[in-house]
Amino acid sequence: MEQEPFPGVRRAKALLAEQDGAMSWDFGALRGKLIHLQGESTSATVTATARLVWQAQRAGHPVIWVHMEEAPYAPDLEVLGVDLKGLTFVGTSKVEDALWATDCVMRSPAFGLVVVQVESTKGIDAATLSRLSHLARRHGIALLFVTGVHTMPGAMVALRAASDLARTE
């Protein structure tokens with residue numbers, strides 16, 4: 001067993017492994033759904049997202065990650081088991097561009113998981129979420145929006161999750 005780097009601090013990877021499959025944070029269960037993951041901690045949200053990416057890749061589904069900020073740090077994803085050769089990144093500078101790219105990708109069943117990482121949910125309306133949710137259901141794609149502390153509007157979100165870092169004693 002790997003030793004923890006600081007007393008009382010546990011790695012997210014270890015916490016996820018302790019769930020013994022009891023989590024609903026499972027790629028198979030989330031296919032065809034729109035999911036919203038929010039959190040202040042980039043490392044916590046990347047770890048949770050990487051888990052889904054790894055599961056999708058393990059099931060043989062290509063994954064695309066649309067992002068506005070810098071792309072996630074590749075060595076971190078690799079440590080979490082993600083196959084970087086099987087992961088496509090699309091970088092944009094505006095929310096509208098990220099939504100356009102997502103809409104284009106969602107019109108084909110080519111990807112099993114589409115990750116959309118935007119800092120703010122400003123500019124994302126209920127009609128857009130409804131259309132993307134319909135496309136996710138139609139093609140069996142897990143559509144994951146990853147944001148900061150902003151909430152996602154609309155009733156189309158099948159699962160809302162929050163990530164955070166916490167010290168354990």
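Predicted model: local features only at pLDDT ≥ 70, side-chain atom pairs only at ≥ 80, totals over all residues.

Reader: Which residue forms a salt bridge with Arg107?

Author: At 48% relative accessibility, Arg107 is partly exposed. The closest N and O atoms of the bridge lie 2.8 Å apart, inside the 4 Å cut-off for a salt bridge. The partner of Arg107 is Asp103.

Reader: Is Asp103 buried or exposed?

Author: The cut-off that matters here is 20% relative accessible area, under which a residue is buried. Asp103 has a relative accessible area of 12%. That makes Asp103 buried.

Reader: Which residues are linked in a network of salt bridges?

Author: A search of the whole structure finds two salt bridges. Besides the bridge to Arg107, Asp103 meets Arg131 at 2.6 Å, N to O. Asp103 lies in helix α5 and Arg131 in helix α6, so this pair ties together parts that are 28 residues apart in sequence. The linked residues are Asp103, Arg107 and Arg131.

Reader: Now to helix α6: what arc do its buried residues fall within?

Author: Helix α6 covers residues 126–139, and its buried residues are Thr128, Leu129, Leu132, Ser133, Leu135, Ala136 and His139. An α-helix has 3.6 residues a turn, so residues three or four places apart point the same way. Seen down the axis, the buried residues of α6 line one face of the helix, because they fall within an arc of 160 degrees.

Reader: Which elements do the buried residues of α6 pack against?

Author: On the other side of α6, Ala127 and Arg138 are exposed. The buried residues, in contrast, have packing partners that include a helix, α5 (95–106).

Reader: Which residue just after α6 takes a positive phi?

Author: Helix α6 has 14 residues and reaches 20 Å from its first C-alpha to its last, close to the 20 Å expected. Just after the helix comes a residue with a phi of about 70 degrees. That residue is Gly140.

Reader: Last one: how is the pair of Trp65 and Phe89 classed?

Author: The count comes to one aromatic pair, with Trp65 in strand β2 and Phe89 in strand β3. Trp65 is buried at 1% relative accessible area, whereas Phe89 is partly exposed at 32%. The ring centres are 6.0 Å apart and the planes stand at 40 degrees, so the pair is tilted.

Conventions: Residues numbered from 1 in each chain as written. Heavy atoms only, no water. Phe/Tyr/Trp six-rings, centres within 6.5 Å; stacked < 30°, edge-to-face > 60°. Helix = DSSP H or I, 4+ residues; strand = E, 2+ residues; numbered from the N terminus. Buried < 20%, exposed > 50% of the residue type's maximum accessible area, 1.4 Å probe, protein only. Expected span 1.5 Å × (residues − 1). Arc of directions from axis to C-beta. Contact = heavy atoms within 4.5 Å. Salt bridge = Lys/Arg side-chain N within 4 Å of Asp/Glu carboxyl O.
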